[in-house]
Amino acid sequence: MADDAAVKSASELLYREALYLDTHAWKDWLDLFQEDAVFWVPTWKDDGEPTSDPQAELSLIYCSSRDQLKERIDRVASGRSIASLPPMRTAHTVSNVLVEEAEAQALRVKSVATTHVYNIKKREQNVFFSLQEHLLRPGQDGRLAIASKKLLLLNDYIPRMIDFYTI
Amino acid sequence: MTPQDIEALVDDRPADGMFRVHRSAVREKAIFDLEMEHIFESSWVFLGLDCQLPEKHTYFSTYIGRQPVVVSRTADDKIVCFVNSCTHRGAVVCHRDSGKARHHACQYHGWVFDSAGRCVDIKGQKEGAYTDAFLREDHDLRKVRVGNYRGFLFGSLKEDVPPIEEHLGDIKTFLDLMFDQSPDGLEIVPGPVRFTYKGNWKLQIENGTDPYHFTSTHTSYIQILTKRTKSNSAALTSSIYQKFDENSILRGAFTFPNGHAALWGETPSSESRPIALNFDAVAKRVGGPRARWMLHTRNVSVFPNVQFAENAALQMRIIRPIDVDRTEMVTYCLAPRGESREARVARIRQYEDFFNPSGFATPDDTTAYEDCQDGNRNDALEWHQGYMRGMAAVRPGADEFARELGITPLTSIYGPFSLGDETVFHQTYRYWRDKIASGMRAKRCQRELEGV
Ligand code: FES
Ligand SMILES: [Fe+2]
């Protein structure tokens, strides 16, 4: 178990991440990630296990740099992707936060995310729920940042589409 | 609804330069039911690949039209298909997407079937006071006819269908162009992806060979590529569409009997193709022209339910119509067996980049299908005008590109990418119309015969 201060700062980072996604504060969201951060959403295999090796198996999303995440943001923000025109309204709820100390000042944070998504154009709502695992590490400025985020989407029979901000 | 009503849905007058499809084709439940009966449940439907059955007693479950089926490798190493519905009272017997089992026991009253679908145990048969008439019945799960072309597995609920090779015809060449990229054939990259959309299944059939939408539906993707080319960052995924220019790239299409169609194009950045890493070896094995065709983009539609898109990467998509306005897509990343790790990683990243309901292109396609379904709710406009690009350029039979491949399509067309041909849909809709109408007529004859 991590100490109270670590738990507090880790939880706060996760809540902040959720807030930035829900308010479409894309730049602030991106700034929470380290330059070479991994953002990974595995798929589920028929045997009931999620894929575990992104270099040999398929993922729904696998980004291994902030630049790649920025492409996703630019696409949504461009107003040219009809799948996000207009962008969905979302409410990310993060709970069951458990913080463990990992190697070299890093924190491993497990949590449950429930994301309510409202599709304005279709006047339709969906819920996605996932198990999340963040690895947090102090960046150059000493602030805690996301070194990796793995999001295991539990309801992966996907209506129409998902994106980094709807899950 | 009569056969004439179905025929009237396709306004097919090539001599007048006219080809239209009626909007009710994507909207009417009665038409959907006829499609299920006379197309999906009366002819060959794609099931999956034989690599999904790697050893004895392995199986996967899928659908033929509305009917759940199981495809299984038996104790004597034969691939069989049977209806996934218990002979006793109809419960689905096999509940997993895939797995390995010598026996499938029905969870309701416990009848047991082997991996060939044969009934091997009826619980309490002795005590059951059955009549001789019951004992004389066939208790096995109903067999489905299987066709296997180089590991591409098809099933037909109707026994009386032509051999699979004949049904596929020259579209086989396009299956070969995928299969022969490795001497050992194809495999599935682990991790299927399933998604649904609120639209008719034919919207996906059309989009799969629709070159016209790319520059408008995928502008956000093209924009990303332009930025990637400028930034030249190694951290970003390389795409075969980098250097895309719609005026300099050649694109063509072929149509075939039985509703099949293929779209091909020059690849803007063919050096980004995973097989480019291994091109010389491939060319030596299959010959230069075939190897070049492997570098081309190819979008292949095997009517009615599977498409293979080898553009950004190689995708297999199985289309399952659920209702007239609801469709399930089961999608797979395919790869040549034994490719290098470098090629495999590039392939997977390119696949995720473009495809997937979470990629940079597919969600925009899917959204467009739903927009079409929404816009088609009424008959205020009767006809779609979306089938006439290319009509003044298409020609019957083979062009020089078809001859290079050694195929004889029903029609051929080529031109710059911006031609955005739509004649590629014509044979599909003709087959669709004729198959339903002839099925309805045959059924009526049958009824009349039985009536006398
Ligand atoms: S329904 Fe299968 S045993 Fe009764
Ligand atoms: Fe598309």
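## An enclosed helix in chain B

Helix H6 of chain B (residues 201–208) is largely enclosed by the rest of the structure, because eight of its eight residues are buried. Buried means under 20% relative accessible area, with a 1.4 Å probe and protein chains only. Helices here are DSSP runs of H or I with at least four residues, strands are E runs of at least two, and both are numbered from the N terminus. The buried residues of H6(B) include B:Trp201, B:Lys202 and B:Glu206.

B:Asn200 caps the N-terminal end of H6(B). One of its side-chain oxygens lies 2.9 Å from the backbone nitrogen of B:Lys202.

## Basis of the model

This is a predicted model: local features need pLDDT of at least 70, side-chain atom pairs count only at pLDDT 80 or more, and totals for chains, interfaces and linings use all residues. Residues are numbered from 1 along each chain as its sequence is written, chains are lettered from A and ligands numbered from 1 in the order in which they are written, and side-chain values use heavy atoms, without hydrogens or water.

## Where chains A and B meet

39 residues of chain A are in contact with 49 residues of chain B. Contact means heavy atoms within 4.5 Å. The two chains bury about 3,700 Å² between them, 48% of it on carbon and sulfur atoms. That area is the accessible area (1.4 Å probe) lost on putting the two parts together, summed over both.

Nine salt bridges link chain A and chain B. A salt bridge puts a side-chain nitrogen of Lys or Arg within 4 Å of a carboxyl oxygen of Asp or Glu. One of them joins B:Asp371 and A:Lys122, at 2.9 Å from N to O. On the chain A side, strand E2 (59–63), helix H3 (66–77) and strand E7 (158–159) each give two or more residues. H3(A) supplies the largest share, six residues.

## A strand pair across the chains

E7(A) and strand E13 of chain B (residues 186–197) pair in the parallel sense over two bridges. Strands count as paired if DSSP finds at least two bridges between them. A:Ile158 has B:Phe195 as its bridge partner in E13(B).

## A buried serine in chain A

A:Ser84 sits in the loop between H3 and strand E3 (89–101) of chain A. This serine is buried, with a relative accessible area of 1%. Not counting residues up to four places away in sequence, A:Ser84 touches A:Val76, A:Met161 and A:Tyr165.

The side chains of A:Ser84 and A:Tyr165 also make a polar contact, at 2.8 Å. A polar contact is a pair of N or O atoms within 3.5 Å; within protein, one must be able to donate a hydrogen and the other to accept it, and residues adjacent in sequence count only if both atoms are side-chain atoms.

Notes
Buried means under 20% relative accessible area, exposed over 50%, partly exposed in between (1.4 Å probe, protein chains only).
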